[in-house]
Amino acid sequence: MTSRKKFKWANLYLIAVFILLYIPIFYLIFYSFNSGDNMSQFEGVTLNHYQTLFEDTRLLIIALNTFFLAFLSALIATIIGTFGAMGIYYTKRRQMRNVLLSLNNILIVSPDVIIGASFLIFFTFLGYIGFKLGFTSVLLSHIAFSIPIVVLMVLPKMQEMNESLIDAARDLGASNWQVLRQIILPYLTPGIIAGYFMAFTYSLDDFAVTFFVTGNGFSTLSVEIYSRARQGINLEINALSTLLFILSMILVVGYYFISKDNKPKRFKKRIAKS
């Protein structure tokens, strides 16, 4: 009886959390179809705000820049973070391994404002040798704060990996490159994919760090939406947010199906034989 009561209370708590999270989103989506110009009163259904959105060339270019930035920064961060996780895992000294992991985790728990301000100071210093704030500064910043996320996604898969697979491959004469390409990377694929998606989403919706390091010639959706919101409520932003929410849902569903099988079938067969 006690366990049932706890289970029911847990469900109630979970439902309340989801309601608090999703009601503002659905409220925003609802008013994206409002024929009026504000969110104070719903006057009727229209798609005019979506039409205005697709006619806003500047906002569309910023959206494309934002997605390209997220794609590129997540890709580079995933490559670096994957090999970084391998480096931490294969560090022989336990104390050094803990130090490296702690340094990685510090970047995750550090406030975005501190990270953004630090990058701004660093890039300002580089400005004396001709470096300018813009796409490059934002890209480097996004790569930097995405790498620790990828490390945390890949490292657990390294710890789960059966070392006998690597030993067996070496006994059969496999080189280091063959072990990496045919054994380690395929096994780490679910963690790598998870790290990429996490890095992509973090880059896509980051505001604090981007606000510090963006230049006059480059902007992202988060910074642009913030700038427009300060000038007043514009339901064009609601329409844009609705499309981004739908895209996010598609990415989540896609990631679910991609990561549904946590281990490649050939590894399951090898582990079963061993």
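What share of the contacts in the protein chain with a separation of 6 or more comes from residues 24 or more positions apart? I found 74%, taking a contact as heavy atoms within 4.5 Å.

Before going on, I noted that this is a predicted model, in which local features need pLDDT of at least 70 and side-chain atom pairs count only at pLDDT 80 or more, while totals for chains, interfaces and linings use all residues. I also noted that residues are numbered from 1 along each chain as its sequence is written, and that side-chain values use heavy atoms, with hydrogens and water left out.

I then looked up the secondary structure, and the protein chain has 12 helices and zero strands, where helices (H or I, at least four residues) and strands (E, at least two) are DSSP runs numbered from the N terminus.

For "transmembrane region", the unreviewed UniProt entry lists several spans, including residues 135-155 and 184-204; such annotations may be inferred rather than shown by experiment. I checked residues 135-155, which are 100% helix with end C-alpha atoms 30 Å apart, and residues 184-204, also 100% helix, with the corresponding atoms 29 Å apart.

Ala169 is buried at a relative accessible area of 12%, buried meaning under 20% with a 1.4 Å probe and protein chains only. Leaving aside residues up to four places away in sequence, Ala169 touches Ala174, Val179 and Ile183, whereas the C-alpha atoms of Ala169 and Ala199 are separated by 32 Å.

For the whole chain, I recorded that 36% of the 274 residues count as buried.

Definitions and conventions. Buried < 20%, exposed > 50% of the residue type's maximum accessible area, 1.4 Å probe, protein only.
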